[in-house]
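Subject: Structure handover

Hello,

Here is the structure I promised you. Please open it first, then read my notes below.

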Amino acid sequence: MVLDQKKRLLAQKIYLILAGLFICSLVVSNLIFQKFFYWDFFGLYTFEISVGILPYPITFLITDVISEVYGKKKANEVVTVGIFASFFSLLIVYVANAVPAAAWSPVNDELFTTVFGATVVAVFASMMAYLLAQYIDIQIFHFWKRVTKGKHLWLRNNFSTFLSQFVDTFAVLFLLCSFGKIEWKLFSGLLLSGFLFKVLVAAIDTPFLYVAVYGLRKKFGLKGAEELQLQTE
């Protein structure tokens, strides 16, 4: 759907906000990943996962919103920008780790390296897994969108996220174990916890996806599987 100038500017602003939230969530998840926590889920299962996983499902929710409303091309664009932002943050952390701390600095070199020293490996592992998972998510999402003719949003949201989150969790843990950052004996437990947590979050975020998509479709008058076109033809 081609918009008039006023609505196109609004659509672009909303897209930038979504992209900003996406990039922030992605970068932060790579910076905080070294802390692990446990969560007793009503006595049914105890999750043991990195805090880096907390903002990560937000990225898949946002790409699904963008895919549904703005289309596949715009979703792929924000994924690509997120990759560049992550590597740029890696460069900043590398420089910050290289410069010597002042004698009075509350955070000395050793502590800074302990917290951020593994960021290089983390970002590499995360980006490789993330790149594969996000593109899989977008491809499957649009496959189901074509099959269902734009109906059953919950189906494509969950089917695309479940598979892509498994690929992401498996790949990032495999790389971290291969680089010696996590012991192999923890692999299966972390894989199960990470995947189940992401599946749970994906199911929980479905209503939020519906609300976001419904609001945007109503705002811009989209019908059926119609998508916004931000560029003038």
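How many salt bridges does the structure hold? It holds three. A salt bridge here is a side-chain nitrogen of Lys or Arg within 4 Å of a carboxyl oxygen of Asp or Glu. Side chains of opposite charge can pair when their charged atoms come close.

Some ground rules before the details. This is a predicted model, in which local features need pLDDT of at least 70, side-chain atom pairs count only at pLDDT 80 or more, and totals for chains, interfaces and linings use all residues. Residues are numbered from 1 along each chain as its sequence is written, and side-chain values use heavy atoms, with hydrogens and water left out.

**The salt bridges**

Start with Glu68 and Arg217. They form a salt bridge, with the closest N and O atoms 3.2 Å apart. This pair links distant parts of the chain: Glu68 sits in helix H2 (residues 56-69), Arg217 in helix H7, and 149 residues separate them. Helix H7 covers residues 187-220. Helices (H or I, at least four residues) and strands (E, at least two) are DSSP runs, numbered from the N terminus.

Are Glu68 and Arg217 buried or exposed? Both are buried. Buried means under 20% relative accessible area, exposed means over 50%, and partly exposed lies in between (1.4 Å probe, protein chains only). Arg217 counts as buried because its relative accessible area is 12%.

Arg217 has other contacts too (heavy atoms within 4.5 Å). Leaving aside neighbours within four places in sequence, its partners include Lys145, Leu222, Gly224 and Glu226.

Next, Glu77 and Lys74. Their side chains meet in a salt bridge at 2.9 Å, N to O. The two residues are three apart in helix H3 (residues 72-98), so about one helical turn separates them. Glu77 is partly exposed, at 30% relative accessibility. Lys74 is buried, at 12%.

Then Glu183 and Lys185. The closest N and O atoms of this salt bridge are 3.3 Å apart. Glu183 is partly exposed, with a relative accessible area of 46%. Lys185 is exposed, at 67%.

**H2 against H7**

Back to the two helices of the Glu68 pair. H2 and H7 pack at an angle of about 35°, with their axes 9 Å apart. Axes are lines fitted to C-alpha atoms, for helices over the stretch in contact, and angles run from 0 to 180 degrees between N-to-C directions.

Which residues meet? On the H2 side they include Tyr56, Leu61, Val65 and Glu68. On the H7 side, Val201, Leu209, Leu216 and Arg217 are among them. The residues of this contact divide into 10 nonpolar, no polar and five charged. Ala, Val, Leu, Ile, Met, Phe, Trp, Tyr, Cys and Pro count as nonpolar, Asp, Glu, Lys and Arg as charged, and the others, Gly among them, as polar.

**The hairpin**

Strand E1 (residues 36-41) and strand E2 (residues 45-50) pair in the antiparallel sense over six bridges. Two strands pair if DSSP finds at least two bridges between them. Asp40 has Thr46 in E2 as its bridge partner.

Look at Phe42, in the loop between E1 and E2. Phe42 is not a glycine, yet it has a positive phi of about 50°. Most residues other than glycine have a negative phi. Phe42 is exposed, with a relative accessible area of 70%. The hairpin has three residues between its strands.

Best wishes
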